[in-house]
Amino acid sequence: MLRIWKATERQRLVPVEMETAFPFLLEPDHVVSLLGGGGKTTLLYEMAGFGVRNGQNVLVTTSTHLYRPPEEWRDRTLKEVERKFQAGCAAIIGSDCRDPKKIAMPEEQLFETARKKADLTLIEADGTKHLPCKVPAEHEPALLSCSDLVVGVTGLSALGQPLEKSCFRAKLAAERLGCPMDHRITEEDLAQLIAAEWGQQKDLDGRAFYAVLHQYEEKEHKKAVRKIAELLQRRGIRQIFVTCVPAWRVPGMEGQTRSREKNQGESGGICGSTGSHSEKRRCPWCGAARRYYGGEEECGADSAVPHCAADKL
């Protein structure tokens, strides 16, 4: 389960639930585009799973490229999309592309007809080659005209790292920020990448914007997040959220303890257990019953993909 905090006007971090942070997930007919770096796909699937668990018909796709899900999760026709919705599962659509590991934007007719049958459409609209931040090129981001909401994701792991190693399109970023390629990324830099008209605000054209600071680690990022939030609020951005995935949900860390129960600080602990109560719920992707621990998947699979299919990716 994704941990979420809202940055208040006084730069305090207040824990919130998904429906409080992103109420549009439970409202009808939104088309949400996710852009930036450092956690887009993770957030995309977390939002999709939340929507499905709350009775929404959720369509997942891309206007650029998205890592290819297992074939059983991918839907190639409208009938397959409808079948997923009837079964209470999310649908994923996309076309084949030159990269066998990814899918591209679906055919227009399939997208438009599927979108009209969905309650919520989630679109990965940007790419960063796994880097935590970026500056969009002239042709980016790939925002579709039907999209009414934009979620800009930025990875806090970029802080303190050389621009040339942690920012996609680093040369363009150096020109925009007025710094050398070996410049180490600061809070001011990330705020610029989010708030500038040449950054995540590019081509918004009146769309609602939510800023998400992902990969949060309290000891490393608490002061930095407060500073970034203040800078963003000065630029008129009010919807600012901080997120992280519990360590045991990260590939390679599944065996670590889930009981970091009382990390100190106002955030309430970045990886704290939500309790020992276990229950069975349906997987939002395949419909199968899964065992959950404290409201979270016991399997500990990567949250950026359907957890029951993670071993097939």
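**Rings and charges in a predicted model**

Phe241 counts as buried because its relative accessibility is 1%; buried means under 20% relative accessible area, exposed over 50%, and partly exposed in between (1.4 Å probe, protein chains only). This is a predicted model, where local features need pLDDT of at least 70, side-chain atom pairs count only at pLDDT 80 or more, and totals for chains, interfaces and linings use all residues. Residues are numbered from 1 along each chain as its sequence is written, and side-chain values use heavy atoms, with hydrogens and water left out.

Start with the rings. The structure holds six aromatic pairs. Rings of Phe, Tyr and Trp (its six-membered ring) pair if their centres lie within 6.5 Å; planes under 30 degrees apart count as stacked, over 60 as edge-to-face and the rest as tilted. Trp5 and Tyr216 are edge-to-face, because their planes stand at 65°, with ring centres 5.2 Å apart. Trp5 sits in strand E1 (residues 3–7), and Tyr216 in the loop between strand E13 (208–214) and helix H8 (218–234), 211 residues apart. Helices (H or I, at least four residues) and strands (E, at least two) are DSSP runs, numbered from the N terminus. Both Trp5 and Tyr216 are buried.

Phe241 pairs with Phe22. This pair is tilted, at 5.3 Å centre to centre and 55° between the planes. Phe22 is buried too, at 0% relative accessibility. Phe22, Phe24, Tyr210 and Phe241 form one aromatic cluster.

Now turn to charge. Lys40 is found in helix H2 (residues 40–53). Lys40 is buried yet has no salt bridge; such a bridge is a side-chain nitrogen of Lys or Arg within 4 Å of a carboxyl oxygen of Asp or Glu. Glu124 is the nearest side chain of opposite charge, 4.5 Å away. Lys and Arg count as positive and Asp and Glu as negative; His and the chain ends are not counted. What lies 2.9 Å from a polar atom of the Lys40 side chain? The backbone oxygen of Gly36 does.

Elsewhere, the count comes to 15 salt bridges. Arg234 forms one with Glu230, the closest N and O atoms being 2.9 Å apart. Both lie in helix H8, four residues apart, about one turn of the helix. Arg234 is exposed at 63% relative accessibility, while Glu230 is partly exposed at 30%. Another group is joined by shared partners: Arg68, Glu71, Arg74, Arg76 and Asp96 form one network of salt bridges. Within it, Glu71 meets Arg68 at 3.4 Å, N to O, and Asp96 meets Arg76 at 3.8 Å.

Note on methods:
Polar contact = N/O pair within 3.5 Å; in protein donor to acceptor, adjacent residues only side chain to side chain.
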